[in-house]
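Please look over the sequence and the model before reading on.

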Amino acid sequence: MSARSLFGVRPRTVAGQVFVLQVAVVVLLVVGAILALFLQSRADADAEAKNRSVAVAETFAHSPGLIETLNLPDPSEVLQPLAEDARRAAGVDFIVVMNTEGIRYSHPLPERIGQRFVGTIEPSLQGEVLLESVDGPLGQEVQAVVPVTAPNGTVVALVSAGMKVENVTGEVYEQLPLIFGAGAAGLAVAMTGTALATRRLKRQTHGLGPEEMTRMYEHHDAVLHAVREGVLIVGGDGRLLLANDEAKRLLELSPDAEGHRIADLPGLDPSMAELLASGLAVSDEVRLAGDRLLAVNQRTTDGPGGPLGTVATIRDSTELQALAGRAEVARKRLKLLYDAGVGIGTSLDVTRTAEELTEVAVPAFADFVTVDLADPVLRGEEPGARAGMRRTAVHGIRDDHPLYERGRLIEFVASTPQARGLGSGQAELVPELSRAPGWQAQDPERAKEIVEYGIHSLITVPLQARGVVLGVANFWRSEKPGPFEDEDLSLAEELVARAAVSVDNARRYTREHAMAVTLQRSLLPRALPERSAVQTAHRYLPAQSGVGGDWFDVIPLPGSRVGLVVGDVVGHGLHAAATMGRLRTAVHNFSTLDLPPDELLGRLDDLVGRIDQDEAEATGDEGRAMTGATCLYAVYDPVAARCTMARAGHPLPALVHPDGRVDFPELPAGPPLGLGGMPFEAAELDVAEGSQLVFYTDGLIEDRSRDIDVGIELLRQALTHPDRPPEESCRAVLAALLPERPKDDVALLIARTRVLGRDRVAEWDVPSEPSAVSGMRATVGEKLQQWGLAELAFSMELLLSELLTNAIRYGVAPIRVRLLHDQGLTCEVADGSSTSPHLRYAATMDEGGRGLFLVAQIADRWGTRYTPAGKIIWAELATPLVP
């Protein structure tokens, strides 16, 4: 038999070992017995001190009113006298109450109050009871630290109680005479009985003495009946061994329920009785008991050394469930409103905005949602007083519903909630559609189908923004058996109010967009003129966010030449479109002066600068530039097969050669229009017949998802088909480079070059002598006979005489004459002078001054253009139509 089995002491003590030695060594029996009792007494005293410290600390920590006292402004004022009284009554050397940071509220030495506790508190902050020996303010101490726990399980303070080691040792020394006397007198007689009694007592009390057992029972009994959770202990045979007051109240048990079988208890819900008797381990399982919802936690007690059975705790969660339900409803509604704020109004499209409202509300709020808008709203206009409602969006949990389909024009009768809402602007709830004759009057047959389908409740809310009713939103319920409620009505109103603002914004944008598109289309060329010099095709695509200031044009110029222009005004909307129209008109006006491309861009730059200045003066912000634009202007001469270009901040054009090569000619990079002070430079290119000149704005090649070099390469690849007509090239380029809805305006102009044959061009050098005029008239007449234009000979000879005479008389050699037979017949007289003749009206007695007047009367068009070598005066006659 071991010392542990005999005395029940812990293995680390030597009491058992000494007792075994006493039995084994008879010779040393008396001495060993005395020594064993001495050590046992000392150990018991030490255990007594520790047990007393734990018991005192726990009792004080669980004393009534302690937590309320800790919440006072000065807890020490109340706790210090109470702790001292308890210390003296319990026979310990100190009782210290402290907060969770270890700051003392009480101490036998008052000057120590407010200072940090000497010892370890971390385990106790986790809910554990700690025993330790420390060197404290009173000396070497044995102390216990116990947590003070709030009803919710949170540790709010700590209590420590203990004794000085010297006092513990002193008690042992005081007992030495008694120990020696008792050991000597009763060793032989009572050794066996004492050992047996001690072993049995230790086994049954787990080492606790009567006082500790009493205190423990009182403490446990007080706690058991004071907690707000029901506690039940059920034995392995299904009998109720213990039930505290809260458990009896929650389960409505009789006072004498303990000792009876769970299944026999009257009034206990069968499902609850089955759970308690099952012995199953459960966590927070909710069971119904009368009108209460009880959360049950159950665990078995058949652990090591424990009896067979279960312990269950019961908590009333009825109010918590109700609060959780209301919180969940509020959470869902807040999420719905958040989704509406994020998901409605993502585009400036009226129809799409209405669809977004239906998508957000189904199925989170309603089973079916329909949106009806006034027809003018869909066009971006203000809704009229008698405008019909167009079903704009329909969405639901199923597609086989009998509601009006999308696109139908609906005239709501006066008795319907929709009509009343459109008139008053107030939302309306129809709890039961089957009992709503006013709603059924709209379409009785369809109303019957709707009710039979299962749709039983309706909320109709007018879409109202800025005091204008734009339409009505209808929320239909079918899946939930209950009707809509007043809380649902307020939620629907808030939901529709957010959507109405987005619908109105989209409507206003639609109106402005339509106006800008109309203006843009009116300012852009509707059809390009047919010219023999080039075959052209063009495209203009407005941006997704609205029209901008991109434009293009093909301008006929004298001498069978053609002007090709493309430009881009910064910004979008009406302002950009109007500015574009001004610049396009200016280019037309400047082209009539037959200016070279670089000079034309210079004058256009001055115009943009004046526009900036006027805008700045109008807005009062002198330092802010209002306009920015880029432009590329080119003049193609089909006679010389040469193209002269200049650009102002614009992307380089593309040149597609007849063999399929694609180049981007390096033109001098001029600044954008409006900066001022910087000259523009022109460059000349020899262009083979059949080549394609490709002009475009930056919206074609620039995109946020790719680098600009990638856009240039895509354009190059799309143009490597020289045999393709310009119209097909336009389609191929847009398909290769543009997304479905471009972010920026795109203007594209493609011109395939032609060359005016040498058989349609005639040139002569003319001596600077008046006698040469008659000879040139005859020569030109013969040439017109060859071209089949004899009927124009008289008029052309007259024009030639006047132009050539002026050149010989007022001009400078060399003098040249050139005839061009194209869509018209053009006569050009060039000389080395830069002096331009002016048309004037001669007086009756004047001998001259009528030459240019005569030219202006005979020619369809005439004019002057300057060259680096002088000037050219030209006149054009329309050729007769060939039947």
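## A sheet and its edges

In this predicted model, Val430 stands opposite Leu458, a residue of strand 14. The two strands concerned are strand 13 and strand 14, the latter covering residues 457-465, and they pair in the antiparallel sense over three bridges.

This pairing belongs to an open sheet of six strands, which follow one another in the order 12-11-10-15-14-13 with antiparallel pairing. At the edges of the sheet lie strand 12 (409-410) and strand 13 (428-430), each of which pairs on one side only.

## Gln442 in its loop

Gln442 is placed in the loop that lies between helix 16 (437-440) and helix 17 (444-453). From there, the side chain of Gln442 reaches the backbone nitrogen of Val413 at 2.9 Å.

When residues up to four places away in sequence are not counted, Gln442 touches Tyr404, Ile410, Glu411, Phe412, Val413 and Thr416.

## Two crossing helices

Helix 21 passes helix 22 in a crossing that is right-handed.

On the side of helix 21, the contact is made by Gly711, Leu714, Leu715, Ala718 and Leu719, while helix 22 contributes Ala732, Val733, Ala736 and Leu737. Sorted by class, this contact of helix 21 with helix 22 has eight nonpolar residues and one polar residue, with no charged residues.

Methods. Residues are numbered from 1 along each chain as its sequence is written. This is a predicted model: local features need pLDDT of at least 70, side-chain atom pairs count only at pLDDT 80 or more; totals for chains, interfaces and linings use all residues. Side-chain values use heavy atoms; hydrogens and water are left out. A crossing is left-handed if the near helix is turned anticlockwise from the far one by less than a right angle, and right-handed if clockwise. Helices (H or I, at least four residues) and strands (E, at least two) are DSSP runs, numbered from the N terminus. Contact means heavy atoms within 4.5 Å. Ala, Val, Leu, Ile, Met, Phe, Trp, Tyr, Cys and Pro count as nonpolar, Asp, Glu, Lys and Arg as charged, and the others, Gly among them, as polar. Two strands pair if DSSP finds at least two bridges between them. A polar contact is a pair of N or O atoms within 3.5 Å; within protein, one must be able to donate a hydrogen and the other to accept it, and residues adjacent in sequence count only if both atoms are side-chain atoms.
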